[in-house]
Protein chains: 2
Amino acid sequence: MVAVTRVAAMPEPVLLPLADTPPAERRDAARNRVALLEAAERLVAAHGVAGVTMDAVAHEAGVGKGTVFRRFESREGLMAALLNHSETEWQAAVISGPPPLGPGADPWDRLLAFGRSRLETTIVHAELIRAAGRASTRSTAAYSFIAMHVRYLLAELGVTGDLQLLAIALLAPLEAPILDQVELDGIPVDRVYAGWVDLASRIVGQGR
Amino acid sequence: MVAVTRVAAMPEPVLLPLADTPPAERRDAARNRVALLEAAERLVAAHGVAGVTMDAVAHEAGVGKGTVFRRFESREGLMAALLNHSETEWQAAVISGPPPLGPGADPWDRLLAFGRSRLETTIVHAELIRAAGRASTRSTAAYSFIAMHVRYLLAELGVTGDLQLLAIALLAPLEAPILDQVELDGIPVDRVYAGWVDLASRIVGQGR
DNA sequence: GGGCTAAACGGACTATGGTCCGTTTTCTAT
DNA sequence: ATAGAAAACGGACCATAGTCCGTTTAGCCC
């Protein structure tokens, strides 16, 4: 599907496109992306998520409205981009931060730390997550990372079965829409966490 | 807080408000509610959920736009009202329909039937559920019914622990937002169901 | 540097959810 | 039956997400 059109022998040009790298952003485009994200962050800080209107972001960044949509597709896309930022930091903590969240602790302790951390992160970003709508889960980047991590920990713990689905089931009660329901039953966070630990121990099996 | 203003003895009027019944809908209001719901259903059938704009519903029902919002609060509210209808039928099947979904079968079989049915219902109504947004879960009526039913079945099965949270955990993977994620991994329904059965058996415990 | 092309830009324009308020209808008490 | 009050009505109006297209700019090759 990719160019194999060149025929005879000749020295290749310096850079050949490795995968099909999307052709690299033009400078003005890159500049505006950053300006827009910073503007959006400023607006969130100043007026909350609801204050982030597309017009406001455009104006704050000093660009036209069309540009905002060209860069981020939609309001949800913009919100997802904002989320992505903090999500990336969190991933770093899991991959290379201190235990028990990071590597070094035993898998069960890591799983517990993971659940707690995930729960708190979701609560903190609840508004943003809601505003990102499908874009947040669709940008599979973030979600598939956490799902993969849970699969890995379950495997370490010797769990057998359809790990992908077990991971989904274990993560589901920590997702924002589910926590919404929980919240309006007025269940406190610690009890939610305790319930999740119970769930995890049932999934992992007898030894806890 | 309700009228105790009348002082002396006199025969009470025929109907005294039992609890504080919300003062009963005026006739025009009731008529319009029905007209609007029917109009909305017609529009869904004809143009899909996306075709249900508030202007269109108002026009189709032959009322003003303000009336739509007065009756249903918001577009989400209207969608939730549509959902509520089918949800009610489904509840009837659980309460008094034939086993194994309805009463009569043993709890484990009922639980399995419940999961399957819930999964399919959610998939069928996915679009509507999404359009109803928070209103669907906030109208606790529907959700708290299914949560209660699961708690009941878990209790029948002798499960111990925080049944409310276990019910939430068991239901979570069947909720629309979670199924969205699953869907974009391209996991087929039967496998999702199999995974859920596995989850249920882990939650219920050794005996299955 | 000069010129060419594709990409990016900006802001007017559209569609739609949601609000407001002057008018009309229903209900109740007399 | 009538009057008065409370509730409902309708549609003009507002705010904001998203589109479109004529204009500008970055990158590239000579």
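A:Glu73 is partly exposed, because 13 other C-beta atoms lie within 10 Å of its own; a residue would need 20 or more to be buried, and 12 or fewer to be exposed. Keep in mind as you look around that this is a predicted model. Where does A:Glu73 lie in chain A? You will find A:Glu73 in the loop between H3 and helix H4 (75-96) of that chain. Now pick out A:Ala35 as well: A:Glu73 and A:Ala35 are 38 residues apart along the chain, and 16 Å separates their C-alpha atoms.

Let us move on to the DNA. Around DNA strand D there are 22 residues, and those that come nearest are A:Arg27 and A:Ser74 from chain A, with B:Val63, B:Gly64 and B:Gly66 from chain B. Several helices give two or more residues to this surface: in chain A they are helix H1 (27-47), helix H2 (54-61) and helix H3 (65-72), and in chain B they are helix H1 (27-47) and helix H3 (65-72). Which element provides the largest share of the surface near DNA strand D? That is H3(B), with four residues. Sorted by class, the surface near DNA strand D holds 11 charged, seven polar and four nonpolar residues.

Next, turn to DNA strand C. At least two residues each come from H1 and H3 of chain A, and from H1, helix H2 (54-61) and H3 of chain B. Here H3(A) gives the most, with four residues. The classes near DNA strand C are 11 charged, seven polar and four nonpolar.

Now look at where the two chains meet. The contact takes 26 residues from chain A and 26 residues from chain B. On the chain B side, the elements that give two or more residues are helix H6 (126-138), helix H7 (140-156), helix H8 (163-171), helix H9 (176-184) and helix H10 (189-204). This side of chain B is made up of 14 nonpolar, seven charged and five polar residues.

Finally, find the largest nonpolar core, which has 46 residues. Which of its residues touch the most other members? They are Leu166 and Leu170 of chain A, and Leu166 and Leu170 of chain B. Take B:Leu170 as an example: leaving aside its neighbours within four places in sequence, B:Leu170 is in contact with B:Val150, B:Leu199, B:Ala200 and B:Ile203.

Conventions
Residues are numbered from 1 along each chain as its sequence is written. Chains are lettered from A and ligands numbered from 1 in the order in which they are written. This is a predicted model: local features need pLDDT of at least 70, side-chain atom pairs count only at pLDDT 80 or more; totals for chains, interfaces and linings use all residues. A residue is near a molecule or strand if its C-beta atom, placed from the backbone, lies within 6 Å of it. Ala, Val, Leu, Ile, Met, Phe, Trp, Tyr, Cys and Pro count as nonpolar, Asp, Glu, Lys and Arg as charged, and the others, Gly among them, as polar. A nonpolar core is a set of buried Ala, Val, Leu, Ile, Met, Phe, Trp, Tyr and Cys residues joined through C-beta atoms within 7 Å. Two residues are in contact if their C-beta atoms, placed from the backbone, lie within 7 Å.
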